[in-house]
Amino acid sequence: EEAPGKTTIAYELKLSSTLLDFFKLRARNHKILYQHHTVNLVESMLRDVLAKASPHLVVRGPTDEKTGRPMRLNLLEAVEIPESFVLLGDHLIDQVEMSPEPEMEEARAILGRVR
C-alpha cells in the first residue's frame, strides 16, 4: 500500500533474503568496524591534522572575474565551494606529510603518530 507523499522501494520477493543479509552485514560492520574505538581515534587525529594544516594547504578555486585566474583557497574556504570541494581527497594527507614547510610541523607530528 502506498502512502501519499512517501517514496516506496520495491523489490522482487526472491531478493528479500539477499537484502536482509546486506542490511545485517551493514549493521554488523558499523558495530564492529566503523565505530571501533581505534577507528574513532584515528579519525579524530586526522581531523586535527587537517585543522592544523588548513591555513597552509592551497586549493584551486573558481576563476576570479577580475583577474581571470583561479582563486587560491585554504581548506576551510574550499569546503564551502562545490567546484573546489570536489578536488579534495586523501592526497591532502600526502601533501601534509611531504611538505617541507615549518608551518606544517604540528600536522606532520600528528600524522607520524597515526602511521
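I will take the salt bridges, then the strands, then a surface patch.

First, the ground rules. This is a predicted model, so local features need pLDDT of at least 70, side-chain atom pairs count only at pLDDT 80 or more, and totals for chains, interfaces and linings use all residues. Residues are numbered from 1 along each chain as its sequence is written, and side-chain values use heavy atoms, with hydrogens and water left out.

Salt bridges, then. The term here is a side-chain nitrogen of Lys or Arg within 4 Å of a carboxyl oxygen of Asp or Glu. Searching the whole structure gives 6 of them.

One of them pairs Lys14 with Glu12, with 3.6 Å between the closest N and O atoms. For accessibility, buried is under 20% relative accessible area, exposed is over 50%, and partly exposed lies in between, with a 1.4 Å probe and protein chains only. Lys14 counts as exposed because its relative accessibility is 67%, while Glu12 is partly exposed at 49%.

Next, helix H2, residues 37-53, holds both Glu43 and Arg47. Helices here are DSSP runs of H or I with at least four residues, strands are runs of E with at least two, and both are numbered from the N terminus. Glu43 and Arg47 sit 4 residues apart, about one turn of the helix, and their closest N and O atoms are 3.5 Å apart in a salt bridge. Both are partly exposed, Glu43 at 44% and Arg47 at 48%.

Lys52 is partly exposed at 37%. Elsewhere, a network of salt bridges links Asp94, Glu97 and Arg115.

Now the strands. Which way do E1 and E2 run? Strand E1, residues 59-63, and strand E2, residues 70-73, are antiparallel and joined by 3 bridges; pairing requires at least two DSSP bridges. Arg60 stands opposite Arg72 in E2. The two strands form a hairpin with 6 residues between them, and Gly68 in the turn has a positive phi of about 80 degrees.

Last, the surface. Val86 lies in the loop between helix H4 (82-85) and helix H5 (91-98), and Val86 is exposed at 63% relative accessible area.

That is the set; questions are welcome.
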